[in-house]
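Please look over the chain below. The report that follows starts with one residue and then widens to the whole chain.

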Amino acid sequence: MTASPGAARLSHALRAPAATRSNALPAGAWWLWALGLATAASRTSNPLLLGLLVGVAGYVVAARRTDAPWARSYGAFIKIGLFVVTVRLLFSVFLGSPIPGTHLVFTLPEVPLPDWAQGVRIGGRVTAEQLLFALYDGAKLATLLICIGAANSLANPARLLKSLPGALYEAGVAVVVAMTFAPNMVADVVRLRTTRRLRGRPTRGIRAVLQIGLPVLEGALERSVAIAASMDARGYGRTAQVPPAVRRTTNVLTLGGLLGVCAGTYGLLAAQGAVYGLPLLLVGLVAAAAGLRLGGARSVRTRYRPDRWGMRAWLVAGSGAVVAAAMILADSIDPEALHPGVVPLVAPVFPLWPAAAVLIGLLPAVVAPAPPPAGGPADAPVAHSEKGQ
């Protein structure tokens, strides 16, 4: 039995095409998706949901990242997340915790402290309750870092500049240069360790780290010089003449709008400020957008092949927003399921409909353009998109 022509056309339209320079998703879509997952992670300490968020981010990265230098940094973010969890547990063990507990795990020798250090202890009783609380807290921060690492692995930092307003272009250049430092450094370290291993030299230990660090710093300096020369050749820093009144209005609107956005975001994240958080956030966004619109008048740059937001980009960004909105709603409806208690010790439950909402974050693995195989003919246009701005 053959499918109808309409169904075949629909299947062909939904099938993800091979990624090229022309249809690659805007970097902003990946960042909005990742920030949505990070927002969802900030609303729960349930380890089952946090693990599901990490799994969703990891699957999308595995399915849609290229072999570009910035795409190789995801593993480093996972290691940083594990390091954060370990440090949080060690702090809880050696410095104590305000969480009361009755299930004693072990007891460390306690260091006597003076009277002015009351409330602080080093060593002493270590309970299962305080370890579990530290594990939940560290896992939340680790999940946030891994979600940000997913965006850093999927989005081309250079293409992100094309989506910035003219008023933020100079600050965006500084941020993009800072963002590309970590992936390039990771790539340099991997390359140098592989070279040393092929030459039969050790890759572990303090001596090996010192011998690898010098070439890494040298490569970073060479890239800095090359970036400076490229920016100078493109006329970076030129500005148009703007009347003083417009300049002052721009500063007031931008600064006031950003302060409103920060205050509104804090209100949304805090349970006590949910009433005023959304109106303040909307007013701040409108004021900031007006300020950025006016501030763009001083920019004299042009855009070369600006990124276009198609249906696939909106689906990717929207899937992250849906996950964040669903988790915020679940936190207001059933906070106990999203924040399992540790006193008394209870096993975390697996809330079904918040977990189903998290799975919506897998949509980019289906609708985003598929990367070409490593070394394929279309690999170069995807991994190295044009940097002309």
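Gln-130 sits in helix 5. Helices (H or I, at least four residues) and strands (E, at least two) are DSSP runs, numbered from the N terminus. This is a predicted model, where local features need pLDDT of at least 70, side-chain atom pairs count only at pLDDT 80 or more, and totals for chains, interfaces and linings use all residues. Residues are numbered from 1 along each chain as its sequence is written, and side-chain values use heavy atoms, with hydrogens and water left out.

Is Gln-130 buried or exposed? Gln-130 is buried, because its relative accessible area is 2%. Buried means under 20% relative accessible area, exposed means over 50%, and partly exposed lies in between (1.4 Å probe, protein chains only). Leaving aside neighbours within four places in sequence, Gln-130 is in contact with Ser-92, Val-93, Gly-96, Ser-97, Ile-99, Arg-121 and Arg-125. Contact means heavy atoms within 4.5 Å. Take Val-93: 37 residues separate it from Gln-130 in sequence, while the two are 8.3 Å apart in space, C-alpha to C-alpha.

Pro-100 belongs to the loop between helix 4 and strand 1. Pro-100 has a relative accessible area of 54%, so it counts as exposed. Apart from residues up to four places away in sequence, Pro-100 touches Glu-129 and Val-343. Its C-alpha atom is separated by 9.8 Å from that of Ala-128, 28 residues apart along the chain.

Now turn to helix 10 (residues 274-295), where Ala-289 is found. Ala-289 is partly exposed, at 46% relative accessible area. Ala-289 and Leu-253 are 36 residues apart in sequence; C-alpha to C-alpha, they are 8.4 Å apart in space.

Next come the salt bridges. A salt bridge is a side-chain nitrogen of Lys or Arg within 4 Å of a carboxyl oxygen of Asp or Glu. How many salt bridges does this rule give? The count is two.

| Salt bridge | Closest N and O atoms |
|---|---|
| Asp-331 with Arg-43 | 3.1 Å |
| Arg-88 with Asp-137 | 3.2 Å |

Start with the pair Asp-331 and Arg-43, whose closest N and O atoms are 3.1 Å apart. Asp-331 lies in helix 11 and Arg-43 in the loop between helix 2 and helix 3, so the pair ties together parts that are 288 residues apart in sequence. Both Asp-331 and Arg-43 are buried. The other pair is Arg-88 with Asp-137. Arg-88 lies in helix 4 and Asp-137 in helix 5, so this pair ties together parts that are 49 residues apart in sequence. Arg-88 is partly exposed, with a relative accessible area of 25%. Asp-137 is also partly exposed, at 34%.

What about the interior? In soluble globular proteins, nonpolar side chains tend to be buried together. A nonpolar core is a set of buried Ala, Val, Leu, Ile, Met, Phe, Trp, Tyr and Cys residues joined through side-chain atoms within 4.5 Å. The largest nonpolar core here has 38 residues, and those with the most contacts inside it are Trp-30, Trp-33, Leu-37, Leu-53 and Val-316. Several elements give two or more residues to this core, including helix 3 (47-64), helix 5 (128-154) and helix 11 (311-333). The largest share, ten residues, comes from helix 2. Not counting residues up to four places away in sequence, Leu-37 touches Leu-53, Val-56, Ala-57, Cys-147, Gly-320 and Val-323.

Cys-147 is buried, at 1% relative accessibility. Cys-262 is exposed, at 53%. A disulfide is a pair of cysteine sulfur atoms within 2.5 Å. By this rule there are zero disulfides.

The surface has a nonpolar patch too. Leu-90, Phe-91, Phe-94, Leu-95, Val-111, Leu-113, Val-120 and Ile-122 form it, with about 700 Å² of accessible area together. Patches are made of residues with over 30% relative accessible area and no salt bridge: like charges are joined within 9 Å, nonpolar side chains (Val, Leu, Ile, Met, Phe, Trp, Tyr) within 5 Å. Accessible areas come from the Shrake-Rupley method with a 1.4 Å probe; for residues, only the protein chains shown count as cover. Helix 4 (residues 74-95) gives the largest share of the patch, four residues. Val-111 lies in strand 1 (residues 104-111) and is partly exposed, at 40%.

Finally, the whole chain. The protein chain has 15 helices and two strands. Of its 389 residues, 37% count as buried.
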